[in-house]
Amino acid sequence: MRFFWRYRRRCFPASFAADIMSAAMDRYNPHELESRWQRVWREEKSFEVPNPSEPAAADRSKKSYVLEMLPYPSGSLHMGHVKNYTMGDVIARFRFRNGFTVFHPMGYDAFGLPAENAAINTGLHPAQLTRINTDNINQQLHRLGVSIDWSRELATCDPEYYKWTQYFFLRFFERGLAYRKEAAVNWCPSCATVLANEQVLQGACERCDTDVETRSLAQWFFRITDYAERLLEDFELLESWPERVITMQRNWIGRSEGAEVIFRVEDMDIDIPVFTTRPDTLFGATFFLLAPEHELVDTLVAGTPREQAVREYAMRTRLKTAVDRAETDREKTGEFTGRYATNPVNSEKIPIYVSDYVLMEYGTGAIMSVPAHDQRDFEFARKFGIEVREVVSGRLEEGEAAELGDGATMNAAFEAGGVMVNSGSFDGMNNLEAGRAITRWLESEGKGKAAVSYRLRDWLVSRQRYWGAPIPIIYCEKCGVVPVPEQDLPVLLPEVEDYAPRGQSPIAANLDFVNTVCPGCEGAARRETDTMDTFVDSSWYFLRYTDPHNNAEAFNRNVVNYWMPVDQYIGGVEHAILHLMYARFFTKVLYDLDMVDFPEPFHNLFTQGMIYYRGAKMSKSKGNVVNPDEHVEKYGADTLRLYILFMGPPELDVEWQDQGIEGTYRFLGRVWRLVNEVVERTADTGYTPDFTGVEKRALKLVRKSNQTIAKVTADISERYRFNTAISAVMELVNDSYLAKDALFETDEGGGVLRFMARTVVSLLDPFAPHICAELWERLGHERLWEETWPKADERFIQEETYELVLQVNGKVRDRVQAPANAGKDDLLELARGSQKIATCTEGKKVVKEIVIPGRLVNLVVK
RNA sequence: GCGGGCGUGGCGGAAUGGCAGACGCGCCAGCCUUAGGAGCUGGUAGGGUUAUCCCCUAUGGAGGUUCAAAUCCUCUCGCCCGCACCA
């Protein structure tokens, strides 16, 4: 209170302060009040939930795991985080008050490049820097009043955590799901590390936008492609995920059905398989293509006159950046190898070319080319003067006699379906049917088979950087690749003098770390010096929360099965593919390892929209960042939380408006004054909610209160429409301001106002928990955050009468009050009784009468 | 090119077949006040008008279905997002 006085003296003339004080009502002061309640929650550990003592037997029906994506501690929280954590908090607090045991943990995705880059610049150890940032974020989250179980806080860079990340790596390795392979990989010259396919956007590094190069390096991969089919199938197990996220993952996995067909190279004892989605067009294959990087290219041309030209072409391709090669409207290029392949269906010899539009990473790196029915092949054929032979006709009816195709005159490939021509015994068939028939024929001849191909590649997890979990592998001259024994975990990240990347991890410079003893033969050996992709860390953190202090195992199986799966996951759509797919993959592997009982980690996913400012995404480079701390400083956390949810539907992108937040601040001030006036002017006569006999004006407010309870409850629980929930409370507050002066006159009215005030405070609590806790206390109650959520009284939801809309030919002509229980005939009677309706229908014939009770009557006249 | 989303007042948005514009911002007016960047009350889509009355038009545009369309269907324009030589 003393602070309060000083504050006011400083800001306003003394006379003003005295004036306000004489009203015996203090001003809404969010800072004092918010820190008070934050202290209570922190000291009482209000939101900590212990694990059940018998998790295997515990009832799971009332548990709810509410999770927001953990922040990357690069400095401090931005508005997107505030939105994310506020939404999660509203859901968590709402569920808690509805009787759920809410599990709501928090942690930090603390490994990664930014901390390391900052360390290079500042000289601070990445661990120190990370600690500063996580402490800061912890403070920010407390200042937002988020209901977190802080006893479970974790950081993925702690050895107690990454020990288990390494443990999982070893289990993956045992299963053959982690493997090392020399491969052409994406290399970012600026970050000096390799990148996963998922981190390359338009041929450029996701993080720094530098053009990505291709390098051949020995790297560790996780065999996520083994799980492609299950990642697709198990979308069915999800309860509620945004359709577009599922679509994005589906596209990313890129499943295609077709056939693998074996072509034999003439005069050489070599078979080359190709994958095609169009086995029906096999008779139209007039040439054959290899990717320039294909391993057989050298063999095919060695010692032939074509050798030099082909090698030069392959070399040029290698020098091209991924960006250049991804350019789709480039003219087709290629070189003839001088070799021919035999088409298995008709024994025809077709020329083999190399061309850079064939990608080594997809299918088998070789294709059969059907220029009549593939636009890319068509362009190549026209440029190199190769025959275009039509084998699927769009101009014939099924079963009609085949005619000669017009390949020579086509000016584009015909990619649609049709009737087979020029295809031997398959002529006249529908092309889809023919595709299946040809595949069966190939299978019977041993020259091919039905096949499925995926766009998804294995997950490259090696990173040549410092600030990550070391890959727990040892290389021994004698024993080869040896996993670090489990009891030796964690492999601690060693100290280094210089974090700057040099094309290999900075760890490689620490010879004490690198030189070790082989666990197998005890001979001299070297440690792996690469660290793991940080997406590995965040692929299982939600499991560790359930048992974060377990030193003996990553988590207790019964405990993890009790809390998991996550009932509501909330985060940005930018993680639609990367994190969400990796976490699904990880969970499936653990399921197969029999460590967890659930194949999907996140049953419900909500992706929030972004907050824009001045027409663009907030970003430091554009200088249009709105800092949440400043707004907490100015208006308090409650106002910021309320505004951010009031701005619009949470899944849509919205524009931050500087003046908008003023409005929510004013609203909370209005609530503050209203409830305080009720506290002062009415006696707390105890809880007597039966208002059946009260007079009309009071009854109206009782109704509005109950309607608001119903609306807010539905908006939060069924639709996550926080904006409309908040506006409903605003309506109730507005109505109360208009009614209060009359209601204060009577005891009955006072009782109704008390009920209204309790309702407002109770409903607003998930959004603005501090002010509500304070007002609840002033209303003579305790611990609002534990209070049972109010339930609307059915008797007071329905109005006695409603406004019936009267239409003539669909146009509104009049409105009348109708009893709530009136039947169709009564409503029609009311309509006929209207003077305006009579005028409109005069002299005309009513041809149809539409009566929708509760809404309108529409008379159709001629 | 393929896939998905969005388009409503000056602005953020409400309304999921049934009164378009809830709620908030901004703006205008009144009250209160020595004073207001405070508070309270009222008004605010556009056009017409005989002006507290009444009418017409309006949800990117054009058609359609329906007694009734912001909402469903077809075409079209614009913006945003994802994927993109994937055989």
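Welcome! Start by selecting helix H6 (126–144), strand S4 (154–155) and helix H7 (159–174): each of them supplies at least two residues of the lining of the second largest pocket. What you have open is a predicted model, so treat this as a tour of a prediction.

**Stop 1: the pocket**

Which element gives the most to this lining? Colour H6 to see the answer: H6 gives the most, with six residues. The second largest pocket has a volume of about 390 Å³, and 20 residues line it. To find its centre, show Ala127, Arg131, Ala155, Cys157 and Asp158, which are the closest to that point. If you colour the lining of this pocket by class, you will find eleven nonpolar, four polar and five charged residues.

**Stop 2**

Next, select strand S5 (residues 178–188) and strand S9 (residues 213–222). They run antiparallel and are joined by ten bridges. For one pair to look at, pick lysine 181, whose bridge partner in S9 is glutamine 219.

S5 and S6 form a hairpin with four residues between them. Click on alanine 192 in that turn: its phi is positive, at about 55 degrees.

**Stop 3: the RNA**

Show RNA strand B and the protein residues around it. How many residues surround RNA strand B? There are 58, and the closest are Thr277, Arg330, Tyr362, Arg376 and Asn858. By class, this surface has 23 nonpolar, 14 polar and 21 charged residues. Helix H24 (residues 722–743) gives the most to it, with eight residues.

Which parts of the RNA are within 4 Å of the protein? Of those RNA atoms, 68% belong to sugar or phosphate, and the rest to bases.

- Asparagine 723: a polar side-chain atom lies 2.8 Å from a phosphate oxygen of RNA strand B.
- Tyrosine 357: a backbone N or O atom lies 2.9 Å from a sugar or linking oxygen of the RNA strand.
- Leucine 359: a backbone N or O atom lies 2.7 Å from a base nitrogen of the RNA strand.

**Stop 4: the domains**

Finally, zoom out and colour chain A by domain: domain 1 (256–453), domain 2 (628–796) and domain 3 (801–861). Draw a line between the C-alpha centres of domain 2 and domain 3, and it will span 37 Å.

Technical notes:
Residues are numbered from 1 along each chain as its sequence is written. Chains are lettered from A and ligands numbered from 1 in the order in which they are written. This is a predicted model: local features need pLDDT of at least 70, side-chain atom pairs count only at pLDDT 80 or more; totals for chains, interfaces and linings use all residues. Side-chain values use heavy atoms; hydrogens and water are left out. A residue is near a molecule or strand if one of its heavy atoms lies within 4 Å of it. A polar contact is a pair of N or O atoms within 3.5 Å; within protein, one must be able to donate a hydrogen and the other to accept it, and residues adjacent in sequence count only if both atoms are side-chain atoms. Ala, Val, Leu, Ile, Met, Phe, Trp, Tyr, Cys and Pro count as nonpolar, Asp, Glu, Lys and Arg as charged, and the others, Gly among them, as polar. Domain bounds come from an automatic or database domain assignment. On a 1 Å grid over the protein atoms alone, a cavity is a set of points where a 1.4 Å probe fits but cannot get out, and a pocket is an open set with protein on both sides within 12 Å along at least five of seven lines; lining residues have an atom within 4 Å of a point. Grid points are joined across faces, edges and corners, and a volume is the space filled by probe spheres set on the points. Two strands pair if DSSP finds at least two bridges between them.
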